[in-house]
Amino acid sequence: MKNSVHKLAIWALLALAATAQVPPITLTSPVSPQKAPGADGFIQRWLLLEPIGVNGLTDSAVQAAVKKEYFPNQFTVLPQDGDKVTTGDAQLTWHAVDTKNYNVDLYHFAHALGKPTSDVLFWAVTIVNCPREMRGVRLAIGSNAASVWWVNGKEVIGIYGDRQTVIDDGVSKRLTLNKGPNIVRAAVINGGGATDFCARFLDAEDKPLKEFTVSLLEAAK
Amino acid sequence: MHPMKYALLATILALASLVLALDGQIGVHDPSTVVRCDGKYYTYGTGGSSLVSDDGWTWKRGTALPRRGLAPDVIHLGDRYYVYIAANIGAQPKAAINMIWNKTLDPESPGYKWEEGGVVASSDGVEDSNAIDPGVFLDPTDGRLWLVYGSYFGYIRLVQLDPKTGKRLNPNDQPRNLAINCEASDMIYHDGWYYLLATHGSCCRGADSGYNIRVGRAKKVIGPFLDNAGVDMIKGGGKLFVGSGGRVIGPGHFGLLDLGDGVQKFSMHFEADLDRGGASVLDIRPLLWKDGWPVAGENLKEGAFEIESVRTGTALELAVEGMPVGGRRARRGPGAVSGGVIPPQEAAEVSKNWPAGNVDVRMANYLCQAQQKWAIAAVPNAGGYPGSPYFKITIAGTDRALAATEDAELVVLSAFTGGPEQLWRMDQLADGAWRICPKSIPNSKEALALSALGSSFATLEKFDPKSEKQHWLFKAP
């Protein structure tokens, strides 16, 4: 019930913001227990944390920003929709979202909540459920701007500088996805203007991997 | 300037543009097509001389043919190697081309035994033909076997052979005339066209030899072979394919060396290699294609390069934080062109903040920064591949060396130690871009190539001729 009330409040806010500020809204609240990847394999369900103020897009600035502890267990937490964290004086909320597009528009997300979109860090988490162990796959992402990515707790991608989202811009080395849940975590840092990201897995033949589901609510139980 | 300084400068300039010729004993005249047998490369020249190589880079003298004739050619069909070699049967243009065959080219093999196959073409000394300089061609479209031959006196001619025996299919068939005023012809097929490559100019005069290889193309194996200007080769036409250049003079006797996966090279000899006392030497170079015409590529020269992906347009770099050339500075206002020349960024300026150990490799927009400039240098005594030696690839101004890892990824080591995972093979592809492959990958027998998988990420993957992922450009930094 807590979640439902929270969702209503958030999505009412999003809807209001959408009409007033950023049409069209590309993000919706998940309604199904599981979501398959899109036609091109993109992961379209994520938990997003409201933005944290940071500065700098160079390699060293981004690495320092993402390695700083903002809230307890930030590299391991599996939040539920509506969970809150406190960082400094600010209380920030996790939001479960589905994106209608291949990418997740963080500008839409933050702007609709009345949050800053420039000089900010977004944490994003999702859980990829695989029917079997998958070897030799790669995480492939694009982000505006810099981002750092972890799969099952291991850092696998870092791309830096002021950049636009390009499909398969950053690609991990070969990795193994476990049978069952796999945690994909990202920190996206924006300097100014638009901000978004996209992510998918590529199989050993570099084809988009589609043989998995995303089920945040199930995993969060 | 002091004369010694002139000499030193000239030497430096010569080294900077050094073309890496083949290594070892490469003296040969009128070499045959290079063929592989049991992992070794073989070619045969006038006089029946033989050159053999384990890798296509370092050559040594081999066992001569039993027939010591002129300008042989060789082809591998089924379980046989057929050699066609001309013999004077009087004074040219009275000549004949004999075929001999063997099941192996390796004299150490128990099956090594030459068999006589008889005459497949001849000229009587009066007709418009000089039956020497054979070139044998298997048509990939229908499996028919052909022989072109001839040398200046009269026509380059075509006869059909039996692919089951290597002999003339029908000795009573009249040869067809294809070209004139040339010699050392050979035929290849590519993308719907037959190409007749023949050598124009004069041979055998050392550095004064005008030899050059020219080409015409036809939709049928019997011609007509027209050049790029529409002139029939039977009237003397021929588009220049390769001529003299650099330190080598008088290329002749084209032979195709198809390495598979769309990687093609060609063999030839130069009448005079100025760096080898003007000797006649074998060479192997990349075969490229442009607008439906074969183009002679160049083997990679040593130097410093940006290594750019054709697919992504981004450049390979050491994964370290870059520093703008000239340092960080505010944007200049309109018209504020001042401050003089900003010198190129050297590794020594910016490398103090680079990690000391192994560093990842990534790709980025090229910004003329030190971590994006790669020095490529041949590694002595490390072997090679057809046409070139293995190279090391290091960050220019450092000893940090690109290497393959045991999980088939890339890393830059803190120093080059000569391991096979640090040796690189560069083959120029048909479009002029380059395939870059490690000599070997630790604990693996897979042959993989440098691959631009993402805009910012490179890896090693199986070569895919249909993809641009493994096409790279070497650009001046």
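Modeller: What follows takes some of those words in turn, for a model that is predicted.

Biologist: What makes B:Ser122 partly exposed?

Modeller: B:Ser122 has 19 other C-beta atoms within 10 Å; a residue is called buried at 20 or more and exposed at 12 or fewer, so with a count of 19 B:Ser122 is partly exposed. Its place is in strand 9 of chain B, which covers residues 115–124.

Biologist: With which residues is B:Ser122 in contact, once its neighbours within four places in sequence are left aside?

Modeller: The partners of B:Ser122 are then B:Ala95, B:Ala96, B:Ile97 and B:Ala131, where contact requires C-beta atoms within 7 Å. As a separate value, the C-alpha atoms of B:Ser122 and B:Gly150 are separated by 9.6 Å, the two residues being 28 apart along the chain.

Biologist: Which residues of helix 2 of chain A are buried, and how do you know that they are on the same side of the helix?

Modeller: In helix 2 of chain A, residues 59–67, the buried residues are A:Val62, A:Ala65 and A:Val66. They cover an arc of only 90° around the axis, and therefore they are on the same side of helix 2 of chain A. On the other side of that helix, A:Ser60, A:Ala64 and A:Lys67 are exposed.

Biologist: What covers the buried residues of helix 2 of chain A?

Modeller: The cover includes three strands of chain A, namely strand 7 (120–130), strand 9 (146–151) and strand 13 (180–190).

Biologist: Why is chain B called as compact as a globular protein of its length?

Modeller: Chain B has two helices and 35 strands. Its radius of gyration is 25 Å, and because this is close to the 23 Å that the globule rule gives for 477 residues, chain B is as compact as a globular protein of that length. Taken along the principal axes, the C-alpha atoms of chain B fill a box of roughly 80 × 50 × 45 Å, and buried residues make up 48% of the chain.

Biologist: How many residues does the contact between the chains take from each, and what classes are found on the side of chain B?

Modeller: The contact takes eight residues from chain B and 13 residues from chain A. By class, the side of chain B that touches chain A has two nonpolar, three polar and three charged residues.

How values were computed:
Residues numbered from 1 in each chain as written. Chains lettered and ligands numbered in written order. Predicted model: local features only at pLDDT ≥ 70, side-chain atom pairs only at ≥ 80, totals over all residues. Helix = DSSP H or I, 4+ residues; strand = E, 2+ residues; numbered from the N terminus. Contact = placed C-beta atoms within 7 Å. Arc of directions from axis to C-beta. Nonpolar A, V, L, I, M, F, W, Y, C, P; charged D, E, K, R; others polar. Rg over C-alpha atoms; globule rule 2.2 N^0.38 Å.
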